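Here's a quick walk through a two-chain model, written for someone who likes to know the cut-offs. Have the viewer open as you read.

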Amino acid sequence: MLFKIALKNLLGARLRTILNILVTAFSFFLILFVYAMYDGMLQHAKQVTMDTEIAGGAYWHPEYDPLDPMTFEDAHSVLPEDIQSLVDQDNAFPVLVSQASIYPEGRMMPTIMKGIPPDQKIVNMPTDALAGHDDSSIPVLIGKGMASDTKLEVGDAFTIRWLDADRTYDADEGVVVHVMDTENFKLDMGHIWIPLNKARSMLAMKGEATYVTYAKELPPVQNVGGWIPRDINYLVQDMEAIIEADKPGAIIMYMILLALAAMGIFNAQVLSIFRRGREIGTLMAIGMTRQRVVGLFTLEGGLNAVLAAAATLVFFGPILWYFGVHGIPLPIDYTEMGMIMAKRLIPIYTIGLVVSTTALVSLVVLIVSYIPSRRIARMQPTDALRGKAVA
Amino acid sequence: MENTAVATINHLLKQFPVGGGFFTALNDVTLTFRKREFTGLVGPSGSGKTTLLNIIGGLDSPTEGTVNVLGKALDNTSHGERALLRRKHMGFIFQSYNLLPVYTVFENVELPLILNKVEEKERDEMVKEALEWVGLSDKINSRPAMLSGGECQRTAIARAIVHRPELVLADEPTANLDAENSHHIMEIMVKLNKELSTSFIFATHDEKIMAYLRRIIHLDDSQITEDEHIENPTGGPT
């Protein structure tokens, strides 16, 4: 019975209902969109890391710690047999890591120098640019961020100084052969990439490597010869930690949006409910109990939320779909800020997000409908009939 | 006239808090309203007639004294029980009609029946019959904004009597109407009083209504000053 009356009230109120529904639908849209954008941003960062850096996982030299450059000096050896056979089958590629200093325009800059096979196809890096150069200089691949920091361009020469396996400092001229446009700042900032064979020869580390990155969906190698297997879960854990660390921020943002939505809905509900004081008095006079009056107005709020969800689908669905497919272009490059950010942000709408947002917004609508209607239902029917304002 | 009491009031005192003190709206009122009576509470503004009507309707509570309506002692009943009493056995007519603006005439009249959980088919018949009594069969789908004052009040009357209540309480039902509409409304209520045996209690200071009343209770300064029974009310325009 209440449902019938509530529905009749909603449909009968027309403009008031439309405005209420639009406010709620816009809140739905805003929360979904912003949260999906945020989710998309983080998922994209994870995906980029996997595509350009991690692939299926890696085997690390036991001394290697990517967060401690002091370990690089000792973190190299010939590959264990089974890992070497992965490389031979083109299912993996070795990387030799060392510290180096570069001198662009005479300034000294410490860097991480990585030797990588130019013909690798496992990670999405333009390493083929390192192939086919003569031995007169060291071909160097750098990222756009690094190029900007060092003011180097393709064809520019600069001095590279390194410490080889015999603990002897040596130096030679490097030439920038390509500036890569990568979203992964970890490949870019403070890094120079050179051909693996050249690195081995420069460092006097023939046949050696620091780590080996292998292709996706490969079974684990049985005999790793003391090297440490680092699967994809391990390698993305820092990214996941960043995502996890960002969660409170995301939740706060979500709560702020929800609070804004709630305030909008509350405002609309309070206005509509308090303006209907005389109507509430009339309903009480013809025999509706206070509980039913509260139930009626709360139910109207609930129906409002249901209609708003439908309105979101109809009016904002195409917008959500469009951005979900085409993304939103970002006006600035965030790579230099040390962030993995896509050129186009694509929001990700998960079922969990849609369901939780719908449930949460509906709950908020119910609560903000319940509070003012409970207040007005506490009035004396005689006051309500006079349309007296509630203090 | 049957002697069954529809409402009995004993030594009723009603006070409202005003500032630091109290305003006495009704003082030592003792009355009995009988079935099929057509009674008016008459007096100047502030004499307590609307307050008395609201107390009889269970919309307000007495400060002191007892009020018994249709066999229920209102001072001992909860909000819910009073709501049930109104829903089943009473009808209300207000000066400003109090129709729900988003509902059609039909839906406004149907509302008490929905609250009383009357089956849809029966509801439909009862609403149509009530609208026929008040002469609004042709306005069934109109909304209150599309009606004249007289038509709005006739809709309110239909809503008050659609569930065949034993008691109808009307607060200044003709105050917003012109003379012609006032007489028309009163004629309808006289007819319903006779045909449905419904008791009517009016709060009014409208002279036009008084000509139809069979009992006039004069209130002044919170007290009953005269209780007048009229054997043959003149009724109609003079």
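## Ground rules

This is a predicted model, so local features need pLDDT of at least 70 and side-chain atom pairs count only at pLDDT 80 or more, while totals for chains, interfaces and linings use all residues. Residues are numbered from 1 along each chain as its sequence is written, and chains are lettered from A, with ligands numbered from 1, in the order in which they are written.

## Chain B at a glance

Chain B has 7 helices and 10 strands; these are DSSP runs (H or I of at least four residues for helices, E of at least two for strands), numbered from the N terminus. Of its 238 residues, 47% are buried. Buried means 20 or more other C-beta atoms within 10 Å of the residue's own, exposed means 12 or fewer, and partly exposed is in between, with C-beta atoms placed from the backbone.

Take the contacts in chain B between residues at least 6 apart in sequence: 70% of them join residues at least 24 apart. A contact here is two residues whose C-beta atoms, placed from the backbone, lie within 7 Å.

## The sheet

Chain B has an open sheet of 6 strands, ordered β6-β7-β8-β3-β9-β10, with mixed pairing. Two strands pair if DSSP finds at least two bridges between them. β6 (90-93) and β10 (223-229) of chain B sit at the edges with a single partner strand each, so one side of each has no neighbour in the sheet. From one strand to the next, the twist averages 15 degrees.

At one end, β9 (215-220) of chain B pairs with β10(B) in the antiparallel sense over 6 bridges. Asp220(B) stands opposite Gln223(B) of β10(B).

## Helices of chain B

α5 (149-161) of chain B lies across β6 and β7 (167-171) of chain B, running at about 170 degrees to β6(B). Axes are lines fitted to C-alpha atoms, for helices over the stretch in contact, and angles run from 0 to 180 degrees between N-to-C directions.

The axes of α5(B) and α6 (179-196) of chain B come within 10 Å and cross at roughly 15 degrees. That makes the two helices, α5(B) and α6(B), roughly parallel, a label for angles under 35 degrees. Ile157(B) and Ile161(B) are among the α5(B) residues in this contact, and Ile185(B) and Leu192(B) are among those from α6(B).

α1 (49-56) of chain B is largely enclosed by the rest of the structure, because 8 of its 8 residues are buried. Just after α1(B), Gly58(B) takes a positive phi of about 75 degrees.

## Where the chains meet

The contact takes 21 residues from chain A and 20 residues from chain B. On the chain A side, α1 (2-13), α9 (277-285) and α12 (381-385) each supply at least two residues. The largest share, 6 residues, comes from α1(A).

## Two positive phi values

Most residues other than glycine have a negative phi, and most peptide bonds are trans. Asp90(A), though not a glycine, has a positive phi of about 65 degrees. Asp90(A) is in the loop between α3 (81-88) and β3 (92-103) of chain A, and its 13 C-beta neighbours inside 10 Å make it partly exposed.

Lys117(B) is also not a glycine, and its phi is near 55 degrees, a positive value. Lys117(B) lies in the loop between α3 (105-115) and α4 (120-133) of chain B, and with 9 C-beta neighbours inside 10 Å it counts as exposed.

Definitions and conventions
Parallel < 35°, antiparallel > 145°, perpendicular 65-115°, else oblique.
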